[in-house]
Amino acid sequence: MIFFARHGETHWNFEKHLQSRSDSELTLQGIKQSKILIEKSRELGVSQIISSTLGWAESSAQIIASELK
């Protein structure tokens, strides 16, 4: 089964800027949002995470993956 999740909020999301391929770091809210997905990922039995190489996506994925090990 495949699950999709959006990255956590970034500074540019918060400021309503279009990101495209430019990197913007996660906000504190974005970090919290990523942490919320940790428990949901455990419940769903997620065993692998695949992420874009863009900074905000990688950051979100790393937060989740670090707690699933």
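With which side chain does the side chain of Ser 34 make a polar contact? The partner is the side chain of Ser 60, at 3.3 Å; a polar contact is a pair of N or O atoms within 3.5 Å, where, within protein, one must be able to donate a hydrogen and the other to accept it, and residues adjacent in sequence count only if both atoms are side-chain atoms. The model is predicted, and local features need pLDDT of at least 70, side-chain atom pairs pLDDT 80 or more, while totals for chains, interfaces and linings use all residues. Residues are numbered from 1 along each chain as its sequence is written, and side-chain values use heavy atoms, leaving out hydrogens and water.

Ser 34 belongs to helix α2 (helices are DSSP runs of H or I, at least four residues, numbered from the N terminus). With a relative accessible area of 2%, Ser 34 is buried, a word that stands for under 20% relative accessible area with a 1.4 Å probe and protein chains only. Beyond neighbours within four places in sequence, Ser 34 is in contact (heavy atoms within 4.5 Å) with Gly 8, Leu 26, Ser 60, Ile 63 and Ile 64.

Leu 26 leads on to the largest nonpolar core, whose six residues are Leu 26, Ile 38, Trp 56, Ala 57, Ile 63 and Ile 64. Such a core is a set of buried Ala, Val, Leu, Ile, Met, Phe, Trp, Tyr and Cys residues joined through side-chain atoms within 4.5 Å. Helix α3 gives the largest share of this core, four residues. Outside the four places on either side in sequence, the contacts of Leu 26 include Trp 56, Ile 63 and Ser 34.

How values were computed: Buried means under 20% relative accessible area, exposed over 50%, partly exposed in between (1.4 Å probe, protein chains only). Helices (H or I, at least four residues) and strands (E, at least two) are DSSP runs, numbered from the N terminus.
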